[in-house]
Amino acid sequence: VQQSLTVCVTGAAGQIAYSFIPLLLSGQVFGQVKINLRLLDIPKMETALKGVVMEIEDCAYPLIGDIQTGSNPKELFKNCDLIVFLGGFPRLPGMERKDLLQKNANIFKEQGEALQEVGKEDVKCVVVANPANTNCLILSRYATKIPRQNFTCLTRLDQNRAYAQVALTLNKPLNSLKNIIIWGNHSTTQYPSIEHATVEGQSFVLPDQGQFIERIQKRGAEVLNARGNSSVFSAANAVKDHIKDWYNGREDTLLSLGVLSNGEYGVQSGLCFSYPIRCLGAFKYEIVGNLQLSDFSKQKLKVTEEELIQEQGLAESI
Ligand code: NAX
């Protein structure tokens with residue numbers, strides 16, 4: 001059992017960080033482990049970051065260790081055991097996808113270089129900022145001394161959304177469901193699959209699978225339209241679930257994490273692809289590579305893989 005962990009949160013003055021930090025410091029991610037906190041954001045958010053630190057102090061969390069804030073990843077990534085990448089360039093009105101990809105590729109290039117220079121060789125990374133899969137891939141490219149399995153991106157929010165919708169549709173408790181899988185990109189091409197899923201140990205079908213898939217693919221936009229703002233506490237909650245299960249392991253079900261592909265299921269090696277994952281504890285996992293896929297599923301995997309190949313090409317043209 002760890003006595004203390006050093007955790008950096010990037011985009012720490014942003015919305016998801018504001019919901020995630022309390023989960024981390026109240027012991028909901030690592031249990032009763034002391035947390036040294038590193039908060040990174042851009043220089044213009046320096047005052048806002050100070051405000052976040054004041055609120056952390058005012059919570060009087062017993063688990064808080066030391067806190068450092070700043071805008072230089074080379075200072076803040078030092079000695080970190082885990083880095084949660086929430087910081088990114090937002091999509092502004094009129095901005096093309098290509099521009100967004102390249103802006104973020106630049107940020108993740110710089111942060112990857114910082115990791116390579118000052119990072120611990122066993123640091124674990126969770127990329128949340130969009131385009132999450134491709135940002136994760138770029139990060140790993142520039143931090144070659146860190147093992148590739150230490151890089152993950154978040155598709156747990158999509159997984160949680162899929163579980164919730166299936167539970168509501170079948171009118172069954174959430175904990176009776178297992179092995180719903182998110183394949184591919186955290187985008188509208190993702191493939192939320194019930195092909196290997198069970199309810200109370202039995203496989204099942206949905207009344208309208210097409211509608212289910214589309215609902216999960218577009219859930220982010222559905223929340224945005226209703227709230228006038230993107231998903232925040234559900235995203236923070238998913239970051240908590242992702243790290244907690246990756247750290248502790250999970251025996252009872254397959255999980256979905258974006259990880260660097262070694263060619264499993266014919267996906268281009270090197271892409272950051274959301275796969276069925278078995279979390280083994282102590283931040284170890286394996287990609288479950290031997291599930292039988294229907295032709296329908298194979299075709300869905302191709303679509304999302306092609307989008308990731310395209311994103312990779314755009315990001316590389318920086
Ligand atoms: P916010 O815009 O509230 O916060 C982002 C923060 O990042 C800001 O404080 C900004 O100043 C900071 N930032 C920008 N450039 C930076 C840099 N180079 N270094 C450090 N910090 C930097 O966004 P928020 O709602 O918190 O969302 C964070 C990210 O999560 C966004 O990219 C968003 O698209 C992504 N999401 C990903 C999800 C997923 O499932 N993978 C779901 C939720 C969310 O949409």
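Which polar backbone atom is 3.4 Å from an oxygen atom of the ligand? The backbone atom belongs to G14. The model is predicted, so local features need pLDDT of at least 70 and side-chain atom pairs count only at pLDDT 80 or more, while totals for chains, interfaces and linings use all residues. Residues are numbered from 1 along each chain as its sequence is written, and side-chain values use heavy atoms, with hydrogens and water left out.

The polar contacts (pairs of N or O atoms within 3.5 Å) include these:

| Residue and part | Ligand atom | Distance |
|---|---|---|
| G14, backbone | oxygen | 3.4 Å |
| Q111, side chain | nitrogen | 3.4 Å |
| N130, side chain | oxygen | 2.8 Å |

On its own the ligand has 880 Å² of accessible area (Shrake-Rupley method, 1.4 Å probe), and the protein covers 82% of this. Helices α1 (15-25) and α4 (97-118) are the elements that give two or more residues to the shell; helices are DSSP runs of H or I with at least four residues, numbered from the N terminus.

There are 21 residues around the ligand, and Q15, I16, D41, V128 and N130 come nearest; a residue counts as near if one of its heavy atoms lies within 4 Å. By type, the shell holds 11 nonpolar, 9 polar and 1 charged residues, with Gly counted as polar. Domain 1 (4-153) and domain 2 (156-316) each supply at least three shell residues; the domain bounds come from an automatic or database assignment.

R219 is part of helix α8 (residues 219-227). Leaving aside residues up to four places away in sequence, R219 touches R161 and Q165, where contact means heavy atoms within 4.5 Å. R219 and I309 are 90 residues apart along the chain, and their C-alpha atoms are separated by 23 Å.

Technical notes. A polar contact is a pair of N or O atoms within 3.5 Å; within protein, one must be able to donate a hydrogen and the other to accept it, and residues adjacent in sequence count only if both atoms are side-chain atoms.
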